[in-house]
Amino acid sequence: MELIPKLPVAEWISDATDWLTDTFEFLFDFVKNDFGDFIEFFAESLLMQIPIWLFIAVVAVLAFFVSKKRIGLPVFVIFGLWFIQNQELWEELMNTFTLVIFASLISVIIGVPFGIWMAKNKVVETLLTPVLDFMQTMPAFVYLIPAVAFFSIGMVPGVFASVIFATPPTVRFTNLGIRQVSHELIEASDAFGTTGAQKLFKVQLPMAKKTIMAGINQTVMLALSMVVIASMIGAKGLGQTVITGLQRADVGTGFVAGLGIVILAIIIDRFTQNLNTQRGDQS
Amino acid sequence: MPVVQVKNLSKIFGKNSKKATRLLDEGLSKDEILKKTGNTVGVNRASFDVEEGEIFVIMGLSGSGKSTLVRLVNRLIEPTEGSVLIDGKDLATMDSKSLREVRREKLSMVFQRFGLFPHRTVLENAEFGLEVQGMDKEERKKKAQKSLELVGLGDYVNQYPGQLSGGMQQRVGLARALANDPEVLLMDEAFSALDPLIRKEMQDELLELQESMKKTILFITHDLDEALRIGDRIALMKDGRIVQIGTPEEILVNPANDYVEKFVQDVDRSKVLTAENIMKRPETVDIEKHGPRTALERMRKEGLSSIYVTDAKRRLYGYVTADDVSEATKEEVKDLKDILRTEVPKVDKTTSMHEIFNIIHDTAVPIAVMEDEKLVGIIVRGAVIAALAGNEVNINGIDS
Ligand SMILES: Nc1ncnc2c1ncn2[C@@H]1O[C@H](COP(=O)(O)OP(=O)(O)O)[C@@H](O)[C@H]1O
Ligand SMILES: [Mg+2]
């Protein structure tokens with residue numbers, strides 16, 4: 001045991017991060033500034049400018065159609081959002097919503113292609129599987145450190161950390177969905193002379209849609225679960241209110257903000273789940 | 001020139017197929033090669049030609065290599081040795097682009113479990129091949145629609161495959177293959193997953209379509225009856241090898257070896273034949289809906305002297321005779337129950353020919369073939385006698 005001195009793993013990682021920070025400074029700065037501005041614009045100049053009653057009405061109507069004209073979800077939307085507004089947490093809600101939207105979108109944009117690559121290539125699958133396991137089991141707090149190193153504080157590092165944490169399910173489920181397509185259907189596709197792309201877009205992806213959507217649902221939920229953690233590095237929103245409650249030992253404030261997150265989670269979850277119906281399903 | 005030429009074609013599954021190939025050339029059998037190398041021989045030096053407009057059947061027991069062989073023909077499986085020529089062009093040396101073109105234009109395949117895309121409507125399924133070719137929407141819709149009408153599914157275009165019965169699904173499979181107007185149809189046990197009566201119907205339809213289409217068809221089956229019924233020529237496969245190629249008559253009369261003879265003997269002795277093989281679709285009347293008048297009319301139309309009575313769920317109640325029914329209509333009897341005869345000669349659908357032969361002597365009405373208390377077919381005396389005589393048409397029942 002004594003023969004081997006403590007390996008300087010921590011130093012290596014730190015050095016690597018420093019090197020990355022220096023080398024890609026121009027890129028990180030660009031993302032931090034321009035992308036940061038865009039996020040702020042989206043939250044403050046778009047979402048927050050919509051009159052609250054109109055926002056609630058639109059979401060409620062969408063909920064009505066998304067849930068196949070059932071009344072439960074729209075009623076929940078109206079009461080839930082009204083409650084958040086009543087607690088004077090509307091701006092926080094819009095910020096949190098923005099964070100979740102951007103983190104989820106980026107996760108999906110990155111995750112689906114990787115999932116496809118994994119499904120089409122055995123070697124990639126073998127290499128990526130442990131990486132994905134690692135990404136999901138590493139405590140989410142750890143991602144805050146490089147996020148701050150690259151992007152300092154604010155929304156952008158929050159999105160960055162959330163993306164790392166939330167992407168794996170989309171990759172996994174895309175891979176799974178494509179691999180689940182039965183051998184006979186792949187043969188049928190090949191027998192009619194499809195190119196790789198035709199097979200992917202006409203057979204594999206449509207048939208994997210349900211599974212991929214289940215993965216995306218998980219990704220969105222994970223992004224939402226990062227909200228409080230991300231607020232520790234300055235991401236605005238309901239998470240910050242929770243942290244404030246913690247710092248002041250103010251149970252009430254923390255609880256109300258937490259309730260707001262739960263309401264948002266339920267709405268997003270029902271939306272993504274109800275959107276997930278496949279053509280030709282027997283039900 | 002034959003449309004499909006298969007020359008010395010072999011497929012060995014597993015790693016290290018080099019050694020196995022050498023042993024194959026030395027003439028070792030599938031079992032020996034498996035023992036020596038651990039490799040499975042799928043197809044063992046098969047050679048045959050398929051002429052234009054011919055239905056060429058490949059027949060063999062499960063595991064004999066039929067599916068592998070047909071997939072070598074459109075190169076879904078890469079051959080270990082040998083070559084496949086379509087219109088004289090060797091598939092094995094083609095690049096992937098030319099191969100795709102051949103698959104799009106010359107070869108279409110029909111699958112055992114249908115291979116339909118569940119997320120596409122019947123029409124969109126039938127369009128698939130044309131869509132892949134890049135044909136524009138209107139044109140391919142028209143062609144797919146026409147192809148569906150050909151198989152009798154013109155009214156189902158907007159349904160999804162999951163909403164159709166097995167027989168109808170396979171019709172979609174056939175329509176999808178035909179929409180491409182290919183030169184060669186590859187059918188891998190296309191009817192094997194269907195119920196016996198539907199299977200027979202599909203065989204009839206295929207033969208009928210073939211009258212006008214004159215396609216070159218490579219048809220795979222494990223069912224000798226089916227092979228004899230639809231094949232112009234039959235190749236018998238065993239352990240990856242083709243053991244005999246000939247017309248149905250040649251195979252029945254001059255079996256090339258013991259293996260073929262055993263196959264054929266089974267047919268002659270009709271020990272393997274069961275009620276299911278020789279039954280035909282029953283004419284029935286519904287005890288709840290129909291009266292003596294309908295029964296009489298139906299019997300007249302079909303030239304029957306008796307007819308079976310069931311309910312809507314095909315549960316068997318008995319039969320009525322023509323004499324009783326015409327009596328009843330005169331005396332204004334309204335209910336079939338009053339003239340119902342319940343002593344019915346019944347057999348299960350798995351009953352062997354041998355037993356049926358004993359029963360049919362003592363009965364005046366056709367034998368009812370049952371499955372789970374339901375009437376699934378009837379057997380008339382002629383069918384039994386003809387089947388025992390071992391002649392090809394009658395093995396498959398008589399269509400009156
Ligand atoms: N992908 C495969 N890998 C290994 N062995 C296979 C594969 N496909 C088929 N085989 C073997 O090849 C032989 C022929 O199979 P197959 O062509 O499916 O027979 P059939 O269609 O006549 O039932 C069988 O022994 C089977 O186990
Ligand atoms: Mg097979």
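**Figure 1. Ligand 1 and its surroundings in chain B.** A backbone N or O atom of Gly63(B) lies 2.7 Å from an oxygen atom of ligand 1. The model shown here is predicted. Ser64(B) also takes part through its backbone: an N or O atom there lies 3.3 Å from an oxygen atom of ligand 1. Lys30(B) contributes a side chain instead, with a polar atom 3.0 Å from an oxygen atom of the ligand.

**Figure 2. The contact between chain A and chain B.** Chain A brings 19 residues to this contact, and chain B brings 30 residues. Between them the two chains bury about 2,100 Å². Carbon and sulfur atoms account for 60% of that area. Polar contacts are found here too: 9 residue pairs, both partners at pLDDT 80 or more. On chain A, two elements each give two or more residues to the side that touches chain B: α9 (183-191) and α10 (196-225). The most comes from α9(A), with 7 residues. Sorted by class, this side of chain A has 7 nonpolar, 7 polar and 5 charged residues.

Figure 3. The whole structure, over all chains, has 29.

**Figure 4. A salt bridge within chain A.** Lys236(A) and Glu44(A) meet through their side chains, 3.0 Å from N to O. This pair links distant parts of the chain, 192 residues apart. Lys236(A) sits in the loop between α11 (227-231) and α12 (238-247) of chain A. Glu44(A) sits in helix α2 (residues 25-46) of chain A.

**Figure 5. The helices of chain A and the regions annotated on them.** Chain A has 13 helices and 0 strands. Its C-alpha trace spans about 70 × 65 × 40 Å along the principal axes. An unreviewed UniProt entry marks residues 46-66, 96-119, 140-166, 220-239 and 251-268 of chain A as "transmembrane region". Two of these spans can be compared in the model. Residues 46-66 of chain A are 76% helix and 0% strand, with end C-alpha atoms 23 Å apart. Residues 251-268 of chain A are 100% helix and 0% strand, with end C-alpha atoms 26 Å apart. UniProt also lists residues 93-272 of chain A as "domain: ABC transmembrane type-1", again from an unreviewed entry. That span, residues 93-272 of chain A, is 86% helix and 0% strand. Its end C-alpha atoms are 19 Å apart.

**Figure 6. An annotated domain of chain B.** Residues 278-336 of chain B carry the UniProt feature "domain: CBS", from an unreviewed entry. In the model, this span of chain B is 36% helix and 24% strand. The end C-alpha atoms of residues 278-336 lie 29 Å apart.

Conventions
Residues are numbered from 1 along each chain as its sequence is written. Chains are lettered from A and ligands numbered from 1 in the order in which they are written. Side-chain values use heavy atoms; hydrogens and water are left out. Contact means heavy atoms within 4.5 Å. Buried area is the accessible area (1.4 Å probe) that two parts lose on being put together, summed over both. A polar contact is a pair of N or O atoms within 3.5 Å; within protein, one must be able to donate a hydrogen and the other to accept it, and residues adjacent in sequence count only if both atoms are side-chain atoms. Helices (H or I, at least four residues) and strands (E, at least two) are DSSP runs, numbered from the N terminus. Ala, Val, Leu, Ile, Met, Phe, Trp, Tyr, Cys and Pro count as nonpolar, Asp, Glu, Lys and Arg as charged, and the others, Gly among them, as polar. UniProt positions are given in the numbering used here, feature names are shortened, and annotations may be inferred rather than shown by experiment. A salt bridge is a side-chain nitrogen of Lys or Arg within 4 Å of a carboxyl oxygen of Asp or Glu.
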